[in-house]
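Please look through the sequence and the model shown here before reading the briefing that follows.

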Amino acid sequence: MIKDIFGKRLVMVILGIIGTAIGCGLLKFADLGIDPFNALVTGMANLSHMQYGMICMIVTGVFMVFTLIFDKHYIGIATIFSLFLFGYMVEYTLLLLNIILPNTNMLIRVISLILGLIIISASSSLYFTANMGVSTYDAMSLIAADKLPIPFRICRIVSDVICVIIGFVFNATIGIGTIITAFFLGPAIDFFNKHLAKPLLYGKCNCETANHLNKDMKENRGII
């Protein structure tokens with residue numbers, strides 16, 4: 001039965017990665033504080049004077065090594081997709097928004113911030129639930145939650161706060177958007193997992209069937 005939902009899982013992965021990149025682009029466009037991972041990447045880009053897309057690939061590659069060491073099962077289609085394309089999709093989203101809306105005001109920036117946060121949370125839940133790999137940054141919190149007696153949302157908060165501190169040190173834009181994502185993104189993803197991604201994937205399956213499918217997907221995360 002698990003192979004019967006392969007196509008649905010693949011679509012969820014693609015939409016999840018693209019949506020997350022668009023959401024991050026919206027946060028950068030709002031300029032009211034970027035999400036923790038982008039704060040880290042932007043800080044590293046400021047330090048190295050390298051292009052955002054390139055430094056994003058490098059940072060993601062470093063996290064890939066961490067994931068390979070501690071739990072390579074989190075590596076899959078979504079991981080490879082995010083490694084090579086995520087940073088550039090964020091860049092192009094920001095470029096397109098600047099072309100469409102060259103003159104912004106506070107209302108537009110606030111709307112962009114809210115939309116970005118919602119899209120990131122919902123999109124992350126899609127590719128988490130699809131179990132075809134996750135971004136290497138997301139994998140760090142997931143691995144910590146698997147190996148420690150600490151809920152995912154707490155692990156996510158800790159990793160986000162660390163990234164925010166590093167980004168702040170290297171002059172990334174820190175603001176209300178950063179604070180919201182650092183402390184509430186994990187719980188928001190949990191919410192969308194329960195109310196969007198899992199119902200979308202499992203449909204009307206009963207709890208026992210859904211749990212069985214989820215177990216099988218975890219055992220074969222990147223290859224089915």
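Is Asn-171 buried or exposed? Asn-171 counts as exposed because its relative accessibility is 65%, where buried means under 20% relative accessible area, exposed means over 50% and partly exposed lies in between, with a 1.4 Å probe and protein chains only. This is a predicted model, in which local features need pLDDT of at least 70 and side-chain atom pairs count only at pLDDT 80 or more, while totals for chains, interfaces and linings use all residues. Residues are numbered from 1 along each chain as its sequence is written, and side-chain values use heavy atoms, with hydrogens and water left out.

**Overall make-up**
- The protein has nine helices and zero strands, where helices (H or I, at least four residues) and strands (E, at least two) are DSSP runs numbered from the N terminus.
- Of the 224 residues in the protein, 49% are buried.
- The accessible surface comes to about 11,000 Å², and 71% of that surface belongs to carbon and sulfur atoms; such areas come from the Shrake-Rupley method with a 1.4 Å probe, and for residues only the protein chains shown count as cover.
- Among contacts between residues at least 6 apart in sequence, 77% join residues at least 24 apart, a contact being heavy atoms within 4.5 Å.

**Packing of α3 and α6**
- Two packed helices are described by the angle between their axes and the distance between the axes.
- Helix α3 (residues 52-70) packs with helix α6 (residues 136-147) at an angle of about 30°, and their axes are 8 Å apart; axes are lines fitted to C-alpha atoms, for helices over the stretch in contact, and angles run from 0 to 180 degrees between N-to-C directions.
- The helices α3 and α6 are therefore roughly parallel to each other, since angles under 35 degrees count as roughly parallel, over 145 as roughly antiparallel, 65 to 115 as roughly perpendicular and the rest as oblique.
- On the α3 side the contact is made by Thr-60, Phe-63, Met-64, Phe-66, Thr-67 and Phe-70, and on the α6 side by Thr-136, Tyr-137, Ala-139, Met-140, Ile-143 and Lys-147.

**Two asparagines with positive phi**
- Most residues other than glycine have a negative phi.
- Asn-131, which is not a glycine, has a positive phi near 55°, and it lies in the loop between α5 (106-130) and α6.
- Asn-131 counts as buried because its relative accessibility is 7%.
- Asn-171 is likewise not a glycine and has a positive phi of about 70°, and its place is in the loop between α7 (152-169) and α8 (176-202).
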